[in-house]
Structures are given as structure tokens and as C-alpha cells.
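Try each task before you read its solution.

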Amino acid sequence: MSNGTDTAGVSPVLRLRGVGLTRERRDLLDGIDWIVETGQHWVLIGANGSGKTSLTRIASLYDHPSRGTVEVLGEELGSTDVRLLRRRISLVSPAMADMIRPQLSATDVVMCAKYAALEPWWHDYDDADRARATTLLQDQGVGFAATRAWGTLSSGERQRVLLARALMTDPGLVLLDEPTGGLDLGGRELLVDRLDTVAREPGAAPMVLVTHHVEEIPPAFTHLIALAHGRVLAAGPLATTISSALLSECFGLDLVLARHGDGRFGARRAAI
């Protein structure tokens, strides 16, 4: 299922055609068609085990599909140097947070993204790089943490530092794999607010937010793709795609979707 036709003369930021992923004779993904275009910000939603992480790894070029074609930023997987192309894609995932050395400063965590590195000693950086990293931290509301060690930051502060890192290179695509996982209510709300602000900025790179909670969808996000059992249930503009029926099918439970006046969503089990 596709979200529509391409904009005339403009290549999509991400295009998947007939993508499938099979591991140990089990289809983790099958028949995935998906187009992300400039100016769009997507929510990828589904229950645990629906294929969200597998699809994110393929979109970020860290995994190859068993079948189908993947095009990212005008380049086709299998016909390009993925090491260079990955530098134009920002991926924020729980695994990344665990890979960062606790003694590294927040500024260094962000600055190292210039070369997709995790340590500053592998490459040369200048004052402009450090100034940009500091500005990005301020933009995400964690400027106070610029000189603090990664290991001393709260989970919410870390996620906002990683968001700043994701924007360091002016990427063409930003993928956020369940960034609110493990955050308390305050940390979640601060991160949702920052994602909403980034999405509203003119010329912002398309973002894909992976989640299984509709409460985490920032109001400025525009599109939704829902997965179940490795297949696309629906994909398209958020306002016309999300529904109680879709969520019920997606999560295998009778759910009721609520739309709030501020553009946020909520969901709960239907009354028995």
C-alpha cells in the first residue's frame, strides 16, 4: 500500500516497493510499499512484533530486504555505497544510547555525528563544529548539559541530546525508533514537544517516529503507516488514516481513539 503518487519531478526521500524480510523461514515483513516525501513527517505504529524495528533498520540501510527494492534520497540499495549514504540518514535508537561512553560530554555526543562516530578522537573537529553542537543542544532544551557527562544525564535528557545529534549533519531523513521508551511522563512530554517544534521548522528533514502509543504523536506530524504481522494495514495522511477501527485491528483489541483539541491523541479499551 502506498501513500500516493510521487511529486512530479521530485524523487521521494524514501521509497519501498514490494519489500519483504525473511529470517529462518519466517516472514518478518512482506509486501511493503511505502513512500515518504519532502515535507512529510510519519508515524510508524504497530504492536510489539509487528515489524516496526525491521522496517526501520531497512529504511536506515542497516539491514537488507530479502526481496523488493529500497530507494533512499535518490539512491537504490544495492547500487550505491551505503557507508556514504548512511551519513545522510539520522537514526536514533535505544541501542545507540547504550553504545555511548558514559564519560563523553553531551557536546561531544552531538558533535561526533558529523562523521557518524561515537568518539571524538577518530576525526578532526573545529570551533564551528563545537558551536553548532552547543546550539543544537540549546534548541532541544538541554543546553545546560553541554559540558556534563553522558552518564550523568537522565533518560529524558539523553533522548533530547540524541535528537540534537540527529540534526547535526542537516540529514535528509531522520528515523526515531521508539525514542520515548523508558521515559517518565515528564520526559515523554518534553520530547514530544521538541519533536513537534522540529517538525514545524521550515525545510525540516522528513522524520519517521516509531511508536506503539498514539499519545506520543506530535501534532505537527502529517502521515501514518500501521503494521500488523509484518504487513501494512494502512498508510496515508494521519488525519484521515488513524481511527478506532484501525487501532483495534492493529493491536488486536477493541479500542476507542480520542482526538484532543490541541492535536494530540489518546486511546483506551472500549467499554465492555
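This is a predicted model: local features need pLDDT of at least 70, side-chain atom pairs count only at pLDDT 80 or more; totals for chains, interfaces and linings use all residues.

**Exercise 1. A helix and its cover**

Solution: 
- Step 1. Locate the helix. H5 runs over residues 127–139 and has 13 residues. From first C-alpha to last, H5 reaches 18 Å, close to the 18 Å expected at 1.5 Å a residue.
- Step 2. List the buried positions. In H5 they are Asp129, Ala133, Leu136 and Leu137.
- Step 3. Look down the axis. The buried residues of H5 fall within an arc of 100°, so they line one face of the helix.
- Step 4. Turn to the other side of H5. Asp127 and Ala128 are exposed there.
- Step 5. Check the ends. At the start of H5, a side-chain oxygen of Asp126 comes to within 3.1 Å of the backbone nitrogen of Ala128. After H5 comes Gly141, with a positive phi near 75°.

**Exercise 2. An arginine in a loop**

Task: Decide whether Arg264 counts as buried or exposed. Then identify its surroundings.

Solution: 
- Step 1. Arg264 sits in the loop that links strand E11 (255–259) and strand E12 (265–269).
- Step 2. Apply the cut-off. Buried means under 20% relative accessible area. Arg264 has 14% relative accessibility, so it counts as buried.
- Step 3. Collect the contacts. Leaving out residues up to four places away in sequence, Arg264 touches Arg188, Glu189, Val192, Glu215, Ile217, Pro219, Ala258 and Arg259.
- Step 4. Look for a polar partner. The side chains of Arg264 and Glu189 are joined by a polar contact of 2.9 Å.

**Exercise 3. The whole chain**

Solution: 
- Step 1. Count the elements. The protein has nine helices and 12 strands.
- Step 2. The C-alpha trace spans about 55 × 45 × 40 Å along its principal axes.
- Step 3. Check burial. Of the 272 residues, 52% count as buried.
- Step 4. Check the contacts. Among those with a separation of 6 or more, 63% link residues 24 or more positions apart.
- Step 5. Finish with the surface. The accessible surface is about 12,600 Å², and 50% of it belongs to carbon and sulfur atoms.

Technical notes
Residues are numbered from 1 along each chain as its sequence is written. Side-chain values use heavy atoms; hydrogens and water are left out. Helices (H or I, at least four residues) and strands (E, at least two) are DSSP runs, numbered from the N terminus. Buried means under 20% relative accessible area, exposed over 50%, partly exposed in between (1.4 Å probe, protein chains only). A polar contact is a pair of N or O atoms within 3.5 Å; within protein, one must be able to donate a hydrogen and the other to accept it, and residues adjacent in sequence count only if both atoms are side-chain atoms. Contact means heavy atoms within 4.5 Å. The expected span of a helix is 1.5 Å times one less than its number of residues. The arc is that of the directions from the helix axis to the C-beta atoms. Accessible areas come from the Shrake-Rupley method with a 1.4 Å probe; for residues, only the protein chains shown count as cover.
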